[in-house]
Amino acid sequence: MDENNEIDNIGNDSVMINDMYQNWFLEYASYVILERAVPAINDGLKPVQRRIFHAMKEMDDGRFNKVANIVGQTMQYHPHGDASINAAIVNLGQKDLMIETQGNWGDERTGDGAAAGRYIEARLSKFALEVAFNAKTTEWQLSYDGRKNEPLTLPMKFPLLLAQGAEGIAVGLSTKVLPHNFCELMEASIKYLKNKPFELFPDFSTGGMIDVSNYNDGARGGKVRVRARIEDVDKKSIAIRSVPYGITTSQLADSILKANDNGKIKIKSVTDNTAKDVEVLVQLAAGVSTDQTIDALYAFTDCEISISPNACVIINDKPHFISISDLLRHSVNDTKNLLLRELEIKLNELDEDWHFSSLEKIFIEKRIYRDIEEESTWEGVMAAIDNGLKPYKKLFRRAITQDDIVKLTEIRIKRISKFDAFKADEHIKGVENNINEVKNNIEHLNDYAIKYYENILKKYGKGKERNTEIRQFETIQANTVAIANAKLYVNWKEGFIGTGLKKDEFIFDCSDLDHIIVFRKDGKMSVTKVADKTFVGKDIIHVDIFKKNDERTTYNMVYLDGKSGIAYAKRFNVTGITRDKEYDLSKGNPNSKVLYFTANPNGEAEVISITLSPGSKARVKSLDFYFETLDIKGRSAGGNQVTKYPIKSIKIKEKGRSTLMALKIWYDPNTGRLNKDENGKLLGRFNEGDKIIAFYKDGTYELTDYELSNRYETEQTLLIEKFHPENVVSAIYFDAGQNQYYCKRFLIETQTLKNKFSFIKDGEGNQLSLVSTAPEPTAIIRSGKKKSEWIEENIELYEYAEITGWKAIGKKIVISDIKEIALLPNPENEAESPTLF
């Protein structure tokens, strides 16, 4: 029996421990979620942040306080160590919104930490005092030790969570709310109150650029791409002018050095010159293109990162996943409720003021205070005053209470003797006006809330304009921008390719991200990734870098069918494949073999001379074959019959010309990139040797080739088009030094690619206003002091100015007070620049 009892006790203990473990874990998880990691929807704060603000409000006297003192004050409410509180204060201070700082608070761009808490100081900002605190509308709770009261949530009348952002990891869930622009939040709040649609997108203090195509309103499943801003300094160096959100300049420099060590980019050095502004200078290796390097930096380094938002907040003591728009709506609705409570409290205070002011006026004017002179008891005094007020009770808006009478007894003789009835009446009238105003605000609460947000925007919006540019990013294929960091070798007979076969034949440089396409003598084809050594099959006849979806590279082939002995010719593209899978380019019969093969990057179709075997029955032993007679088909096509007789040899007779149409190129102004995907403006069809010309607002032009890796400054580009050297350029520019507009016409005389040439006068503030290469452009010029009095004149530029050299100053435009210049629309104009002021 004893043994059985012991076993039963062990079993019971096991059950108890399991239950305790389950309960403790749930309690711990709930604690971390509610008290540590996830912000509340009401005020957008985590508990430690809320306690910091409450402690700072208690200490607030308008002067700065040592952060160490603030930490100590906060520890009365926050049951954790000083390090976590100090880190939270620094984080809030660096956001530069709710806390004013003094001293070295570190730099989130460089990752430099703040000085110790005893050396730095802080106080609540005027903005924080206005939007976050009101003891009358605050719900209170006891602190962790029961000694103090602390706010359950602060009465926040601002979408602080959206402005500051938040990030936290709890047990089983996490939250990540990205920061948004102050002014845009206020404007969106006003739009919501006016029942107008609104959109919100992240904005980072670190600046840079952001693609919000997949933001998904900040809800789970969304993603944003964030880029640093990179500029060309010269042909040998580029400068990074901002860092992506959450990345420091030291992290960025390390990622660039790592990409260089891995052979993804080629650079000489990286120098972090960040001071007031971010500047990470990258010196390029010799022979490396700046455009390709910029693309590679975005592809292989922290110059571009993806961020997945995940808006999780505490609502009614439970975590909820919601969208950014819902967060804003909740904040605005909460703000309206807080404004209503404030108005109701103010109305009650005004009613009390009116009530006692009126009571005091009657008490003194009607000399009721004299009725108490003969009373010897407190009860008698109270009764005498009450009797004296009876004739006037109907004038009051509420009943006169014992407390009201007690307050009358506390009026000093000095106040009675100096009582001014006129001032008392004016005060009561003022209170009545205020009551009417508050009641009107309550009745029109929505309009009152709109005015509140408009006032916040007006008072605090200056200097809080958007830092992060919203734009659409192009997709960068890593293998197209990676530098050739490996050498590929081939053993043609044994069928091996790889970067480690250094005893075999070198064929070309490649990237370790590239895929290699291989053709064999037996009519088989495959694509494989670059590796140290790969067997692809014996008797290799052609090896090249594979370009997916390449519709221009055309393969011309003659093969012998192993079953029928007939020779077939075919032309085909290879656009998409499964890696490491063999494809048969013949009819699939045994003993088939390739007799002739060429790869043609622009669809060239050569002429070949075929010599038949001397023993064949054909009367004519040689013939010419024209590949241009064949259509370009898929790789599985069987081809057209060339001859049924045995072939001795095939030789090229005449080099081929391209049978493909010239390449169509588009320019996408959203990304500043060229493309073949029909995005943006069609620049035209391009053959080898054709160029593109771009004109910029600073009065420069630039000739480039039509490589898709080219980058153009979208904000500075006035006109971009296919270059025709015979076209005359017509331009109007502004000379700021003389406050004068000039017109000039010239031909492009330079031929150097990717060099900018200035064709307007040098000088600060000088800029290009209009440019066109149309044959007969006409400018519309609007002038005058007032818009209502503007005069519109048309100037036919092709007659106004003679054709001169591209360095000439040009002819003055003798029109004063020019306000607007535009190009007269003309369907015959090949291109035109937009209106400038």
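1. Contact is taken here as heavy atoms within 4.5 Å. On that basis Ile405 touches Met382, Ile385, Asp386 and Ile400, leaving aside residues up to four places away in sequence. Ile405 is found in helix α12; helices (H or I, at least four residues) and strands (E, at least two) are DSSP runs, numbered from the N terminus. Ile405 is buried, with a relative accessible area of 1%; buried means under 20% relative accessible area, exposed over 50% and partly exposed in between, with a 1.4 Å probe and protein chains only. Its C-alpha atom is separated by 28 Å from that of Lys439, 34 residues apart along the chain.

2. On the basis of the note: this is a predicted model, in which local features need pLDDT of at least 70 and side-chain atom pairs count only at pLDDT 80 or more, while totals for chains, interfaces and linings use all residues. Residues are numbered from 1 along each chain as its sequence is written, and side-chain values use heavy atoms, with hydrogens and water left out.

3. Helix α11 (residues 378-389) and helix α12 (residues 402-409) pack with their axes 10 Å apart, at an angle of about 105 degrees. Axes are lines fitted to C-alpha atoms, for helices over the stretch in contact, and angles run from 0 to 180 degrees between N-to-C directions. The two helices α11 and α12 are therefore roughly perpendicular to each other (under 35 degrees counts as roughly parallel, over 145 as roughly antiparallel, 65 to 115 as roughly perpendicular and the rest as oblique). From α11, Trp378, Val381, Met382, Ile385, Asp386 and Leu389 meet Gln402, Ile405, Val406, Leu408 and Thr409 of α12. By class, this contact of α11 with α12 has 8 nonpolar, 2 polar and 1 charged residues; Ala, Val, Leu, Ile, Met, Phe, Trp, Tyr, Cys and Pro count as nonpolar, Asp, Glu, Lys and Arg as charged, and the others, Gly among them, as polar.

4. Helix α7 (residues 182-193) packs against α10 at about 75 degrees, the axes being 10 Å apart. That makes α7 roughly perpendicular to α10. Leu185, Ala188, Ser189, Tyr192 and Leu193 of α7 make the contact with Leu328, Arg329, Val332, Asn333 and Lys336 of α10. The classes in the contact of α7 with α10 are 6 nonpolar, 2 polar and 2 charged residues.

5. The largest nonpolar core has 105 residues, of which Phe53, Met98, Phe127, Phe158, Phe182, Ile240 and Leu327 touch the most other members. Such a core is a set of buried Ala, Val, Leu, Ile, Met, Phe, Trp, Tyr and Cys residues joined through side-chain atoms within 4.5 Å. Helix α10 (residues 324-365) gives the most to this core, with 9 residues. Apart from it lies another core, of 19 residues, among them Leu719, Phe723, Tyr742 and Trp806.

6. The structure holds 29 aromatic pairs; rings of Phe, Tyr and Trp (its six-membered ring) pair if their centres lie within 6.5 Å, with planes under 30 degrees apart counted as stacked, over 60 as edge-to-face and the rest as tilted. Phe695 and Phe759 form an edge-to-face pair, 6.0 Å centre to centre with 90 degrees between the planes. Phe695 lies in strand β37 (residues 692-696) and Phe759 in the loop between β42 (756-758) and β43 (767-772), 64 residues apart. Both Phe695 and Phe759 are buried.

7. Asp317 has a positive phi, near 65 degrees, in a residue other than glycine. Asp317 sits in the loop between β15 (312-315) and β16 (318-321), and is exposed, with a relative accessible area of 61%.
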